[in-house]
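Dear colleague,

Please find the structure below, handed over for your records. My notes on it follow directly after.

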Amino acid sequence: MSLGRRDFLGLAAASSVTLLAGKSLANEQQLPKECKDACAVLVDTAVCIGCRKCEWACNRQHNLSNQDMAAFDDKTIFKIQRRPDDKAYTVVNEFRDPSNPEKPYYTKVQCMHCLDPACVSACIVGALEKLPNGPVVYDAWKCIGCRYCIVACPFQIPAYEYDNALTPQVRKCTFCTERNLAEGNVPACVEACPNEALTFGTRDDLIGLAHARIKAYPDRYVDHVYGEHEVGGTSWMYLAPADFKNTELPELPPDRIPPNTENIQHAVFKWFVPPLALYGLLGLIMASKPDKENEQEAEK
Amino acid sequence: MISKKYMPAVAVVMVLLLSYLVSGSDISQRDSQGPKIDCQECHICDVPTGRRPCLKTCPRTAMVHQAVKHDLSEAPDSMLLDELVDEYQAVHFNHKLHAEMAEMGGDCVTCHHYSPKGHIPPCKECHGGEENPNNLNQPTLKGAYHRQCLSCHREWSHDTKCVVCHIPAAGTTIADHPPDSTDIMGISHPVITEPVKKVYHTPYEPGEIVTFQHKEHIDLFGFRCVDCHRKENCSYCHDIQRPATTSKTQEEVHAICNDCHIDDECSKCHDVKERPGFSHNTTGWPLNRYHNTLDCWACHPTGKRISKLSKMCASCHAGWSQENFKHAVTGLRLDEVHSEMDCSDCHTDNQYDEDPVCSDCHDDDRTAESAPPGMKIKHPGTQSSR
Amino acid sequence: MSAHEIPVPIKQQYFTPGVKVVFAVFLAGAVGVAYRFLYGLGAVTNLDNGYGWGIWIAIDVSCGVALAAGGFTTAAIAEIFHKEKYHVITRPALLTAMLGYTFVGFGVMIDIGRWYNIWHPMLPDMWQGNSALFEVGICVMTYVTVLYFEFFPIVIERFKSRVNLPAIIAVLNKPIDGILHIADKVLRKIGWVFIIAGVVLSFAHQSSLGTLMVLVPTKMHPLWYTHLSPLLFLISAIAVGFPMVVFESILASRSFKLKPEVPILASLARYTPFLLGLYLALKIGDLTIREVWPYVFEFSTESWLFMAELVLGVIVPMIILSIRKYRRTVGGLFTGATLVIGGVVLNRIDVFLVAYKPLYQTKAYFPSIWEILVTAGCISALILLYRAFVMIFPVISQPEDEVAGRMDDTSVKANFSKAR
């Protein structure tokens with residue numbers, strides 16, 4: 001994937017005429033092919049009843065705070081808007097559509113598992129990785145704890161164990177990779193959802209399903225599959241009964257984020273030609289004789 | 001010399017500028033394909049049959065057209081949902097109670113979105129059956145049950161504990177919970193009475209009183225409760241968290257009336273005093289006993305504003321002629337002499353709504369009242385006027 | 001130009017009242033560092049899942065790197081462009097850069113959660129070429145090594161033929177001296193490799209430091225979010241290089257009661273208005289192309305800081321330093337240089353902290369007292385080490401005749417003459 005992008009950049013750097021035409025093409029093509037068949041989840045917030053069973057299942061799956069189910073039946077918690085943290089990879093928040101304030105709806109948030117994740121691009125040692133089958137996974141052994149991923153994430157998802165002095169980790173939804181999704185297992189939260197507001201499948205299927213639902217129930221949904229295009233697409237996608245502006249999901253452009261810096265990086269360090277050229281140039285200047293003229297002109 | 005001095009800087013500036021251009025953003029364009037319509041739109045298999053339609057999750061709205069009104073007496077009183085016997089005791093589902101409540105709303109289709117004539121399939125016939133495993137388009141049985149139950153139940157109690165419906169089986173670790181006395185589960189809903197009229201006192205000064213003829217609207221226009229009481233699901237009355245008063249905007253207050261009365265003046269409804277209900281007598285066309293039984297739309301064109309109709313019988317009864325009109329339907333069976341006459345002999349200028357003219361033949365100032373031209377009857381034939 | 005000047009170790013008392021104050025701050029910072037390593041980042045910092053980076057990155061690392069730019073800029077002008085007269089200031093600048101980068105490394109180590117993994121970017125199987133931070137990391141690591149190599153000749157100069165270890169290990173005197181002689185010869189031959197490498201590496205990571213926040217388009221204030229950021233960082237780093245040399249040279253001469261090298265420094269400061277002008281032009285062009293001028297004049301905190309950055313940090317010093325009369329006074333030089341440095345520091349803080357807005361934070365990040373103490377402690381440690389180094393090693397140049405009169409150790413002078 002990155003190879004393709006680099007190659008493309010070489011061409012672009014060489015020929016600025018074809019620059020704009022080539023770029024939109026690149027935006028489409030350079031996502032890994034597997035992304036289309038990769039695992040994804042569709043969250044239907046119109047079906048979600050805010051029971052927080054997904055939180056409970058996640059908590060149990062990852063041994064986070066080991067609270068029993070009763071702790072998750074507490075609905076008063078919806079009074080505040082919570083964020084995922086190192087003790088809860090997913091949280092459910094309550095929202096109200098201003099035009100229909102009597103009926104709340106719920107949004108489960110967790111790592112979106114972007115198709116081209118900013119955190120993966122940011123990571124200095126490749127401790128974060130986007131697997132071909134969908135999940136964005138973290139390798140604590142590699143991590144140096146620089147927290148650039150936290151800065152970079154457009155959804156503000158990675159959470160840090162600030163209180164751990166010796167072995168702090170970046171914590172976020174793992175997409176339950178450890179449950180072996182390839183063998184027909186589904187993430188713990190998807191399995192637990194009583195109303196089946198969460199649907200697990202391949203990304204392409206789910207996009208089709210989402211649009212079919214919107215078409216079938218135009219009154220129930222806004223015509224927007226959140227995550228289909230946001231930041232180049234995410235593996236977790238949402239349907240909602242009202243504008244996503246009401247929820248905590250941020251309004252994001254369809255452009256992938258990593259090219260912002262990767263294009264710069266790969267242009268400046270293209271086969272190390274620019275640095276080596278600079279080195280050569282400075283070497284030439286240094287090797288040439290001292291410039292007496294300049295010496296004289298110097299200010300006294 | 002200057003150029004040499006700045007060359008490295010110039011080189012770097014150029015490289016970085018180039019990269020800046022490269023990384024500029026634009027929105028990629030996507031092809032949009034129009035929808036294809038074919039059998040596969042709704043059916044999974046190539047040859048759907050009546051027994052096995054292998055339907056995708058078709059929208060409920062699209063299936064409802066197949067729904068047939070079923071009588072409550074057909075339905076089972078209660079059923080046991082026992083798919084999870086390992087963890088929970090079977091859920092006792094009081095079908096009758098729920099069906100009664102559904103009658104207040106959308107009838108059987110509230111839950112049975114697919115209910116063809118004769119056989120109403122239970123949920124598990126389609127959902128989560130072995131015939132369509134992993135069907136993304138359809139919730140499994142778990143999802144189907146929970147959506148049916150929880151989407152209403154949570155609306156008043158806001159409780160989504162498993163143990164509200166599932167009593168843990170002996171030996172499981174799931175905590176039992178005491179019954180909640182505020183919960184309305186298991187209590188039959190009292191009969192809801194329909195008021196004849198409702199009188200509203202409004203802040204609109206030129207006409208503070210609005211008399212809403214509730215029964216009239218139902219009787220005249222055939223409205224069902226849910227046509228107007230749209231948001232009034234269970235939680236509308238029973239929500240434990242419902243705020244005491246909700247202030248509505250002027251628009252919201254008028255919304256339901258405005259579905260029909262959008263073009264009317266305020267004075268159509270607002271008055272300084274309470275109004276009587278509508279009577280056709282005030283229109284100059286008191287309804288006779290035949291017309292009285294019709295609904296408005298039998299005579300007034302549907303979908304249009306109700307306006308004055310021509311009083312000529314033929315404007316509605318286009319087929320009536322001298323030959324086939326049975327005068328008996330008017331409450332008077334003509335005697336032999338009069339039955340042989342032309343209609344226009346008595347009803348001059350075809351003015352059927354006015355008194356017939358006798359003086360053309362009779363000189364004794366008689367009228368149809370004082371000397372009927374036949375026999376008055378009490379129970380006239382019924383068919384001819386409909 | 002004044003009489004010939006040569007670098008010599010400064011013989012003065014280490015502790016003065018001012019130094020004692022700095023030492024106290026250093027101790028407080030050291031307590032903060034110990035606290036951080038024992039109880040974790042959460043106990044010491046105000047960082048959270050919204051604000052992943054605080055002043056340790058914005059000041060210790062990012063400003064540290066920018067302000068150490070004096071090293072490569074003076075090396076470039078004196079060694080590569082052969083402006084021989086600037087040799088007197090290359091050594092202090094080199095020392096500042098070396099110590100500065102060492103503390104950048106130390107600052108990173110304090111800030112990262114798994115500090116013992118700091119070497120991971122060196123492992124080829126963990127190389128992550130897409131990451132601007134990886135580029136910064138690898139370049140800083142390489143550059144700090146290069147700086148040690150660049151500084152090593154000064155160590156050799158100090159100890160060559162004078163290795164005098166005490167007691168038993170005195171037997172090592174000869175071998176070490178031999179090594180120093182060989183190293184001296186080799187470094188004399190290949191020194192240029194490191195000098196050029198230092199410049200190239202600096203270009204690379206100074207710009208990449210600006211690339212870091214380009215990855216955060218959705219959380220950055222439009223005044224600072226630009227794809228030109230790497231170029232702006234690079235130009236501003238180059239621009240702050242000479243003012244930093246001017247600044248520390250004047251401070252050091254005050255501290256050691258020496259005569260400030262006003263002519264040399266003024267001559268160096270000549271370049272600054274041009275570089276600032278280039279920076280200003282790029283900045284204005286960038287604002288215009290991105291059509292964000294309205295944000296400059298919305299008079300919010302951000303717009304005030306942005307204006308301060310440009311007016312006080314760029315335009316005012318540009319004017320001061322381009323007027324010959326001011327440039328040739330200590331006051332004018334010092335004011336101009338301080339403003340440029342302040343502008344760059346403010347710019348780095350703006351980019352990394354002010355412009356960055358987490359999605360869900362209601363309260364903006366403000367550093368805890370411990371974070372401030374640790375940062376202040378690092379700066380203090382830098383000052384203390386600088387003072388120690390210039391007292392041990394021949395770094396700061398003094399007029400030849402004065403030195404000859406004062407110094408008993410003539411071999412230093414002899415060595416230096418040979419080196420020239």
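Chain B contains twelve helices and seven strands, where helices (H or I, at least four residues) and strands (E, at least two) are DSSP runs numbered from the N terminus. This is a predicted model, in which local features need pLDDT of at least 70 and side-chain atom pairs count only at pLDDT 80 or more, while totals for chains, interfaces and linings use all residues. Residues are numbered from 1 along each chain as its sequence is written, chains are lettered from A and ligands numbered from 1 in the order in which they are written, and side-chain values use heavy atoms, with hydrogens and water left out.

Of the 386 residues in chain B, 21% are buried (under 20% relative accessible area, with exposed over 50% and partly exposed in between; 1.4 Å probe, protein chains only). Among contacts (heavy atoms within 4.5 Å) in chain B between residues at least 6 apart in sequence, 54% join residues at least 24 apart.

Ala144(B) lies in helix α5 (residues 141–157) of chain B and is buried, its relative accessible area being 9%. Leaving aside residues up to four places away in sequence, Ala144(B) touches His127(B) and Pro139(B). Lys124(B) is 20 residues from Ala144(B) in sequence, and their C-alpha atoms are 8.6 Å apart.

In chain A, strand β1 (residues 39–44) and β9(A) pair in the parallel sense over four bridges; pairing requires that DSSP finds at least two bridges between two strands. Val43(A) has Tyr238(A) of β9(A) as its bridge partner. From strand β9 (residues 236–239), Trp236(A) and Tyr238(A) point one way and Met237(A) and Leu239(A) the other, and all are buried.

Turning to the interface of chain A and chain C, 71 residues of chain A are in contact with 75 residues of chain C. The two chains bury about 6000 Å² between them, 59% of it on carbon and sulfur atoms; buried area is the accessible area (1.4 Å probe) that two parts lose on being put together, summed over both. The rule finds one salt bridge across this interface, that is, a side-chain nitrogen of Lys or Arg within 4 Å of a carboxyl oxygen of Asp or Glu. Arg147(A) and Asp111(C) form this salt bridge through their side chains, at 3.0 Å from N to O.

Yours sincerely
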